[in-house]
Amino acid sequence: MDKYHLYHNDYSLYSLQVRYTLALAGKPREGLAPMQIELTDVDLFNSGQLAEFFLTNINPKGQAGGFRPCKCTFRGTRAISENELLKAVHALNYFALSFPDRPQVATSFVKNIQDWLARDDISDEYRKALEYKLSVTTQMKVHGIQPDAVRANEQKARELMGRLEALLSSSSSTSSEKGEGQGPWLFGLEQPTALDAHVVILIGRLQDVGRTSVVSERLLEYTDAAFQTPKLQTVMAGRRTMAPMQ
């Protein structure tokens with residue numbers, strides 16, 4: 001059995017996308033070993049994503065939802081169009097979609113990194129990792145919430161949501177072999193795929209922060225239905241994608 005370590009946080013968008021995808025996964029194909037997932041919590045609210053081991057061994061961008069490298073690789077089994085849509089989902093700036101009017105959040109992230117860089121008792125490797133993390137944070141969060149960047153990002157999101165809605169809209173009128181075209185999920189499938197998992201969590205976050213102007217009513221209904229399914233309810237354990245306000 002192949003063992004993976006998933007470094008996650010219950011309120012990390014990337015973590016939830018991975019965990020929902022894993023929950024949807026069926027049994028491995030014949031000849032492939034099942035995956036054993038061990039969860040390791042990353043305390044995002046106390047700068048756990050800036051820990052030296054995490055930045056230098058798990059995810060240099062400092063984002064929860066990363067697997068520790070192992071000898072196995074994931075292999076896509078869906079059509080090229082699904083893979084392209086997954087890439088488009090992750091090409092969006094999630095922070096800018098969620099918090100375009102909260103520059104103080106981006107500023108606090110930058111300050112935390114700068115405080116670590118100001119220390120003289122850290123290794124050269126860790127310092128380089130922090131410098132890279134600072135560049136990513138500045139680009140994605142500080143620059144990402146500038147007005148022009150926000151408008152461009154929201155336009156990309158609207159265009160993507162339009163493509164996704166079209167995949168749902170076809171389900172009521174399109175039929176094909178193996179029953180595809182009649183189900184409630186993207187591409188009219190009877191069972192959700194990794195694309196559904198990533199899209200549902202993203203739209204769920206937009207609902208939670210009141211940023212649904214880029215999402216159609218049809219996609220909101222699709223997301224609401226997904227959040228009522230046992231598999232996603234098991235992942236969420238009564239939570240939403242945002243931590244309760246303190």
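This is a predicted model: local features need pLDDT of at least 70, side-chain atom pairs count only at pLDDT 80 or more; totals for chains, interfaces and linings use all residues.
Is T223 buried or exposed?

1. T223 has 0% relative accessibility, so the residue counts as buried. The cut-off for that label is under 20%.

2. T223 sits in helix α9. Setting aside neighbours within four places in sequence, T223 touches V200, I203, G204 and Q207.

3. Helix α8 covers residues 194-208, and helix α9 covers residues 217-227. Their axes come within 9 Å and cross at roughly 105°. Angles of 65 to 115 degrees count as roughly perpendicular, so α8 and α9 are roughly perpendicular to each other.

4. By class, the contact has nine nonpolar, three polar and two charged residues.

5. The largest nonpolar core has 36 residues. Y20, L164 and L232 touch the most other members. At least two residues each come from α1 (13-24), α3 (80-91), α4 (94-98), α7 (147-169), α8, α9 and α10 (230-236). Helix α8 gives the most, with eight residues.

6. Leaving aside neighbours within four places in sequence, L164 is in contact with L85, L186, L195, V199 and L219.

7. Another core lies apart from the largest one. This other core has 10 residues, including L55, I113, Y126 and A129.

How values were computed: Residues are numbered from 1 along each chain as its sequence is written. Side-chain values use heavy atoms; hydrogens and water are left out. Axes are lines fitted to C-alpha atoms, for helices over the stretch in contact, and angles run from 0 to 180 degrees between N-to-C directions. Helices (H or I, at least four residues) and strands (E, at least two) are DSSP runs, numbered from the N terminus. Angles under 35 degrees count as roughly parallel, over 145 as roughly antiparallel, 65 to 115 as roughly perpendicular and the rest as oblique. Ala, Val, Leu, Ile, Met, Phe, Trp, Tyr, Cys and Pro count as nonpolar, Asp, Glu, Lys and Arg as charged, and the others, Gly among them, as polar. A nonpolar core is a set of buried Ala, Val, Leu, Ile, Met, Phe, Trp, Tyr and Cys residues joined through side-chain atoms within 4.5 Å. Buried means under 20% relative accessible area, exposed over 50%, partly exposed in between (1.4 Å probe, protein chains only). Contact means heavy atoms within 4.5 Å.
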